[in-house]
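User: Hello! I am new to this structure and would like to get to know it step by step. Could you walk me through it?

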Amino acid sequence: MTFEEMAWEFAEVFDELEISEINEMLARNVPFEKLEFFSQYAEGFASEGEVDPKTRARLPNLMLIGYLLRVLEERLLPKS
């Protein structure tokens with residue numbers, strides 16, 4: 001499976017989850033400190049540049065999705 005195929009599958013599964021299921025998945029896979037980091041980093045990044053408010057509000061979520069894709073990719077890699 002390519003990274004692109006994995007990302008599409010992830011997006012489809014993520015889209016079907018209820019909010020409570022998303023929260024549970026996040027609690028199991030993302031340390032709270034990482035969530036705080038994404039929020040703080042995105043705010044700092046957005047304040048440095050000219051980022052429109054809609055995008056600014058979504059930056060932490062975009063970072064989180066990228067992190068989750070990376071975690072999933074690492075878990076799917078064959079063990080050597």
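This is a predicted model: local features need pLDDT of at least 70, side-chain atom pairs count only at pLDDT 80 or more; totals for chains, interfaces and linings use all residues.

User: What distance does α3 reach from its first C-alpha to its last?

Analyst: Helix α3 has 17 residues. At 1.5 Å a residue, 24 Å would be expected. The model comes close to that, with a reach of 25 Å.

User: Which residues of α3 are buried, and on which side of the helix are they?

Analyst: Buried means under 20% relative accessible area, and Phe38, Ala42 and Ala46 are buried in α3. They cover an arc of only 50° around the axis, so they lie on the same side of α3. On the other side, the exposed residues are Phe32, Glu33, Gln40 and Glu48. The buried ones, then, are Phe38, Ala42 and Ala46.

User: Which residues does Pro60 touch, not counting those up to four places away in sequence?

Analyst: Pro60 lies in helix α4, and α4 (53–76) is included in what covers the buried residues of α3. From Pro60 to Phe37 there are 23 residues in sequence, and 8.8 Å in space between their C-alpha atoms. Leaving out residues up to four places away in sequence, the ones Pro60 touches are Phe38, Ser39 and Ala42.

User: Where do Arg28 and Glu24 lie, and what is the N to O distance in their salt bridge?

Analyst: Both residues belong to helix α2 (residues 19–29), four residues apart, about one turn of the helix. Arg28 is exposed, with a relative accessible area of 67%, while Glu24 is partly exposed at 42%. Their side chains meet in a salt bridge with an N to O distance of 3.0 Å.

User: Which residues are linked in a network of salt bridges?

Analyst: The structure holds four salt bridges. In one of them, the closest N and O atoms of Arg70 and Glu73 are 2.5 Å apart, and in another those of Arg70 and Glu74 are 3.5 Å apart. Arg70 and Glu74 are four residues apart in helix α4, so about one helical turn separates them. The linked residues are Arg70, Glu73 and Glu74.

Conventions
Residues are numbered from 1 along each chain as its sequence is written. Side-chain values use heavy atoms; hydrogens and water are left out. Helices (H or I, at least four residues) and strands (E, at least two) are DSSP runs, numbered from the N terminus. The expected span of a helix is 1.5 Å times one less than its number of residues. Buried means under 20% relative accessible area, exposed over 50%, partly exposed in between (1.4 Å probe, protein chains only). The arc is that of the directions from the helix axis to the C-beta atoms. Contact means heavy atoms within 4.5 Å.
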